[in-house]
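I opened my notebook for a friendly first look at this structure. Here is what I looked up, entry by entry.

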Amino acid sequence: MNRWSYIIMRVLQVIPTFFVVMALVFFMVRLLPGDPTSAILGERATEAMIARGNKELGLDKPLIVQFGVFVGHFFQGDLGDSINLKVPVFRLILERMPVTLFLTLYASVLAVLLAVPLSFVAALRRDTGIDSAIRGMFQIGLSMPVFYIGLQLLTILGARWRLFPIGGYGETFFEHLWYLFLPALTLGFNLAAILMRNLRAAILEVLQSEYVDFARAKGLRSSLILGKHVLRNAVISTVTLFGLNIGGLIGGAVITESVFAIPGVGRLMVDSIFGRDYPVIQGLTLTFAVLVSLTFILTDIVHAQLDPRVEVT
Amino acid sequence: MKRFVAYALIAVAIATTFVSAASKRGGKMTYGRYADSLFLDPVLNDANVDIWIILNLYDTLLQPTNDGKGTKPGLATRYRVSGDGKTFTLTLRNGVKFSDGSSLSANDVKFSLDRAKNPDNGAWNGLIASIETVTITNPNTVTLALKYPDPSLPAALATFNTAILPQKQFLASAGAKDQDKAKAFAEKPIGTGPFVLTDWKKGSSMTLKRNPNYWNKGDDGAALPYLDEINFQIIPDDNTRILKLQSGELDGAEFIPLARVAELQKDPKLNMTLFPSTEVDSVIMNNRPKLKDGSDNPLSNVKVRQALNYATDKDAIIKLVTFGLAKPSKSFMSSATPLYAAQHGYMYNLEKAKTLLKQAGFDKGLEVSTMIVAGNADQTAIASALQQMWSQVGVKLRIDQLDSASNRAKYRANDFMMRVSKWTDDIADPSEITGYFAIFKNVESLHTGFQNDQLEGIFEQSQREPSRAKRASLYRSIQKIYFDAAPIVFLYEAPYPVALQKYVKGFVQIPLGNNIFVNTSLEK
């Protein structure tokens with residue numbers, strides 16, 4: 001099977017997953033105790049007010065009818081209006097999603113920029129002071145909660161040294177880079193730690209292999225050996241790990257966005273769940289499902305590129 | 001010569017006083033909020049995040065005074081109540097313009113009040129349920145015919161839901177139903193208030209610019225407001241909001257956790273302010289004979305409820321939860337609510353609590369439970385403290401942590417024993433809090449199930465009593481009856497903690513919660 005049919009197959013496999021997610025999220029949010037009407041009307045609402053609110057929102061109809069309406073609207077490209085924010089869900093996602101994507105992408109880039117060179121240094125200087133220092137630093141990254149790292153970075157680099165703004169997102173691309181540096185570092189640090197642990201071990205393993213000895217015996221420059229032979233072979237399992245952890249990054253973004261006051265979807269998701277804002281929860285979950293599926297596909301493709309033995313079965 | 005110097009000094013002193021008294025004009029104020037607004041329609045909104053800033057955009061006919069207990073002229077310069085108390089005549093202010101330049105007319109007033117009193121519209125129409133009809137008598141007079149004399153009406157006409165909207169512009173908004181029009185209108189609201197909404201990135205920031213047509217004048221005789229612009233930044237994390245304030249990126253920040261107040265009070269650049277509020281914190285109890293699951297409810301016995309009040313060391317809770325910044329509750333309403341009457345009793349007394357429990361037949365102890373919102377630090381602290389305090393009289397308290405929507409669902413279904421709860425008034429009148437806390441027909445007395453015929457009779461009477469003195473006396477009785485019946489565990493009343501840079505002057509958060517920026521200036 002050639003590369004294109006492999007990609008198309010993988011994309012087609014996503015479609016049934018998507019429909020399962022759609023049904024699951026619709027019924028699961030309605031299984032939660034509480035409802036959007038009393039969440040927005042608050043403590044003071046009388047039964048009559050709640051009933052009127054439910055009628056206006058169409059929540060008085062049987063569940064299966066509501067599901068039909070949801071699916072029907074979905075195929076017309078309409079995700080409904082947010083119950084709490086009174087704006088179309090599609091617009092909300094369009095406004096907020098780029099912010100979260102920027103943050104997670106930025107965090108991934110920082111994580112790779114941190115993890116790759118440092119793993120090499122650690123592996124090549126195995127069991128020296130440098131190795132221990134690098135491994136120690138990442139152990140901290142693994143064990144410390146995201147909000148705590150974020151708060152410390154904010155307090156020291158933001159409030160005390162005034163190197164970075166405290167929270168916010170900025171207006172232009174370069175402002176985004178500047179404003180989001182601390183949050184992306186906070187978020188990326190944990191991922192870097194995971195990648196680094198794996199990559200260091202993989203590099204050590206590859207360095208022991210015979211083809212590396214052979215390349216050395218041929219008299220190849222060590223930069224060529226490391227770049228072409230070692231990195232390419234060591235990085236395969238790390239790519240898979242990276243792909244799997246992107247979903248985790250989105251989870252971490254919820255907390256990071258809150259600490260750094262970034263208007264992304266993470267915070268929106270939490271608020272919507274607490275407010276039982278069904279249309280927003282549904283819209284966001286579906287968007288996440290698509291994004292995570294795409295990441296997995298991309299990971300598989302990269303994996304297949306790196307390792308020609310990988311084929312679709 | 002000496003005398004001349006003395007005169008000169010006095011002259012200089014007077015001159016500088018005048019100079020410093022005039023507020024500085026211009027500038028942009030950046031204010032950190034814990035959450036964004038949701039829906040800026042005066043009638044259909046439901047949340048404090050809207051209510052507390054909406055009066056910067058719209059005006060009401062009367063306005064609340066800064067102490068939150070009275071009213072002063074707003075879009076109406078005066079009002080007259082007829083002898084039988086059933087006709088209310090308002091004289092409108094001349095020359096008032098909306099932010100888009102159109103003139104305020106009596107039609108706008110009639111339209112807005114008719115919309116606000118419509119029982120199909122929103123949660124607040126009950127506050128002006130006494131209005132039968134709104135009539136335009138002449139271009140600057142509007143007459144309200146009342147179903148019954150309503151002493152709370154002036155306060156209601158100073159409350160957000162009776163704010164005046166421009167009829168034509170509202171009706172021209174997109175949508176067929178009132179609700180759809182309100183959604184469209186509230187995206188770009190037009191009001192007569194001191195500020196205009198010019199930019200809103202939901203969940204992130206909101207910009208209000210000075211309304212050039214605003215009618216009220218400042219201390220220099222020119223039109224208010226002093227500020228050119230307010231930028232609200234939404235920063236949900238308390239620590240981040242404070243860091244941003246300390247680093248000078250914010251001019252002010254709301255909802256400072258009480259744990260941080262003492263630290264910020266020491267900061268020489270900041271003015272840590274505790275505005276008096278109508279917030280009351282309490283633990284409400286299910287007073288019904290049976291619980292939802294059919295079992296007997298020990299809390300239906302008034303002696304048990306009183307015993308729990310005696311076994312509660314309010315001062316200790318105030319120290320623990322509010323770091324000493326709150327006052328013990330002496331009624332179900334706060335001391336900032338008009339016609340408040342402090343009650344005496346329920347001083348911390350374990351012996352008394354034990355005696356009452358014994359009289360109620362629980363000398364061997366009993367088990368109760370309370371719901372708290374999961375992750376809410378204040379509620380966790382309150383419940384843990386009560387757990388420890390009540391264990392000394394043999395009462396075992398179980399704490400059920402639930403997310404806010406589940407917690408509310410059980411509350412609405414009367415499926416709880418106790419619930420930690422917080423309240424703030426929306427109107428400068430005691431009838432709102434009393435209607436919810438003590439009157440069964442609204443929400444079953446905050447779902448406690450408490451019902452007292454004598455109290456309800458007095459309340460009915462107070463709702464139509466024009467004399468303030470007589471009404472105050474009726475409210476003393478209401479508060480006494482409620483206090484003795486102890487449907488709730490009385491805890492404390494807490495202030496609104498706002499931290500401002502020292503150069504920010506004239507900002508007020510009134511006891512009802514409204515943030516008033518009209519007189520705010522940046523004196524830097």
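**Chain A.** I started with the elements of chain A and found 13 helices and zero strands. From the N terminus on, they run α-α-α-α-α-α-α-α-α-α-α-α-α. I kept in mind that this is a predicted model.

Next I checked the dimensions: the C-alpha atoms of chain A fill a box of roughly 85 × 60 × 35 Å along the principal axes. Of the 313 residues in chain A, 36% are buried. I also looked up contacts between residues at least 6 apart in sequence, and 73% of those in chain A join residues at least 24 apart.

**Where the chains touch.** I found 31 residues of chain B in contact with 35 residues of chain A. Which element of chain B gives the most to this side? I noted H13(B), with six residues. The elements giving two or more residues are helix H7 (238–246), helix H13 (404–412) and helix H15 (440–447) of chain B. By class, I listed twelve nonpolar, nine polar and ten charged residues on the side of chain B that touches chain A.

**A helix pair in chain B.** I then turned to helix H16 (residues 453–463) and helix H17 (residues 468–485) of chain B, whose axes come within 9 Å and cross at roughly 160°. An angle over 145 degrees counts as roughly antiparallel, so H16(B) is roughly antiparallel to H17(B). I noted their crossing as left-handed.

Among the residues that meet there, I wrote down B:Leu455, B:Ile458 and B:Phe459 from H16(B), and B:Leu474, B:Ile478 and B:Ile481 from H17(B). By class, this contact has eight nonpolar, four polar and one charged residues.

Definitions and conventions:
Residues numbered from 1 in each chain as written. Chains lettered and ligands numbered in written order. Predicted model: local features only at pLDDT ≥ 70, side-chain atom pairs only at ≥ 80, totals over all residues. Axes fitted to C-alpha atoms, helices over the stretch in contact; angles between N-to-C directions. Helix = DSSP H or I, 4+ residues; strand = E, 2+ residues; numbered from the N terminus. Parallel < 35°, antiparallel > 145°, perpendicular 65-115°, else oblique. Left-handed = near helix turned anticlockwise from the far one by under 90°. Contact = placed C-beta atoms within 7 Å. Nonpolar A, V, L, I, M, F, W, Y, C, P; charged D, E, K, R; others polar. Buried ≥ 20, exposed ≤ 12 C-beta atoms within 10 Å, placed from the backbone.
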